[in-house]
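Reader: I am new to this structure and would like to learn how to read its features one at a time. Could we begin with a single residue and work outwards from there?

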Amino acid sequence: MNDKTISWRQFEQIELRVGTITEAYSFPEAHKPAYKLTVDFGEEIGLKKSSAQITDLYSKEDLIGKQVIGVVNFPPKQIGPFISECLVTGFYNEQEKVVLAIPDQEVSNGLKLN
């Protein structure tokens, strides 16, 4: 095994869940351009807030109703005056802009990636 190899058990501890963005606001206090998001992860988990540096490719209006994949079991993180409760996942493209990781079909909020 190399340094980056993890066990199946370690992977199972990561709570990657599907959620729908319900609110998106500008976050002018952030050091890098970002939005403040509210994501609905379903009945079991509920609403979680996140700071996301996705302003290059997405407008606030485009984000409302979009399903995303988020890590919901990180501890809250203070980002300036805002507390981020989950990590919305994405990939940096060749231009160093974040492309969201999203399901290719709509699924129920809160489903866990297995």
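Predicted model: local features only at pLDDT ≥ 70, side-chain atom pairs only at ≥ 80, totals over all residues.

Reader: Which nonpolar residues have the most contacts inside the largest core?

Author: The general idea is that, in soluble globular proteins, nonpolar side chains tend to be buried together. Here the largest nonpolar core has 16 residues, and those with the most contacts inside it are Leu-37, Val-39, Ile-54, Leu-63 and Leu-100. Two or more residues of this core are given by each of β1, β2 and β9, and β2 provides the largest share, namely three residues.

Reader: How should I read the sheet, and what is the order of its strands?

Author: In general, strands of a sheet pair through backbone hydrogen bonds, either parallel or antiparallel. In this model there is an open sheet of five strands, paired in the antiparallel sense, with the order β3-β2-β1-β4-β7. Because β3 (47-52) and β7 (87-88) each have a single partner strand, they stand at the edges, and one side of each is left without a neighbour in the sheet.

Reader: How many bridges join β1 to β2, and how many join β1 to β4?

Author: Strand β1 (residues 16-26) and strand β4 (residues 67-71) run antiparallel and are joined by five bridges, while β1 pairs with strand β2 (residues 35-40) over six bridges, again in the antiparallel sense. To follow the pairing with β4 on the model, find Leu-16, whose bridge partner in that strand is Val-71, and then Val-18, which stands opposite Ile-69. For the pairing with β2, Ala-24 has Leu-37 as its bridge partner, and Ser-26 stands opposite Tyr-35.

Reader: Turning to charged side chains, how many salt bridges are found in the whole structure?

Author: A salt bridge is read from the distance between a side-chain nitrogen of Lys or Arg and a carboxyl oxygen of Asp or Glu, with a cut-off of 4 Å. The search of the whole structure finds two. In one of them Arg-17 is paired with Glu-15, with the closest N and O atoms 2.6 Å apart, and both of these residues are buried. In the other, the side chains of Lys-112 and Glu-15 meet at 3.9 Å, N to O. Lys-112 lies in the segment after β9 (98-100) and Glu-15 in the loop between α1 (8-12) and β1, so this pair ties together parts that are 97 residues apart in sequence. Through shared partners, the salt bridges join Glu-15, Arg-17 and Lys-112 into one network.

Reader: Is Phe-91 buried or exposed, and which residues make the nonpolar surface patch?

Author: Phe-91 has its place in strand β8 (residues 90-92), and it counts as exposed because its relative accessibility is 56%, where exposed means over 50%. Together with Leu-57 and Val-99, Phe-91 makes a nonpolar surface patch of about 270 Å².

Note on methods:
Residues numbered from 1 in each chain as written. Heavy atoms only, no water. Patch = residues over 30% accessible without salt bridge, like charges linked within 9 Å, V, L, I, M, F, W, Y side chains within 5 Å. Areas by Shrake-Rupley, 256 points an atom, 1.4 Å probe, with all protein chains shown as cover. Helix = DSSP H or I, 4+ residues; strand = E, 2+ residues; numbered from the N terminus. Buried < 20%, exposed > 50% of the residue type's maximum accessible area, 1.4 Å probe, protein only. Pairing = 2+ DSSP bridges. Core = buried A, V, L, I, M, F, W, Y, C linked by side-chain atoms within 4.5 Å.
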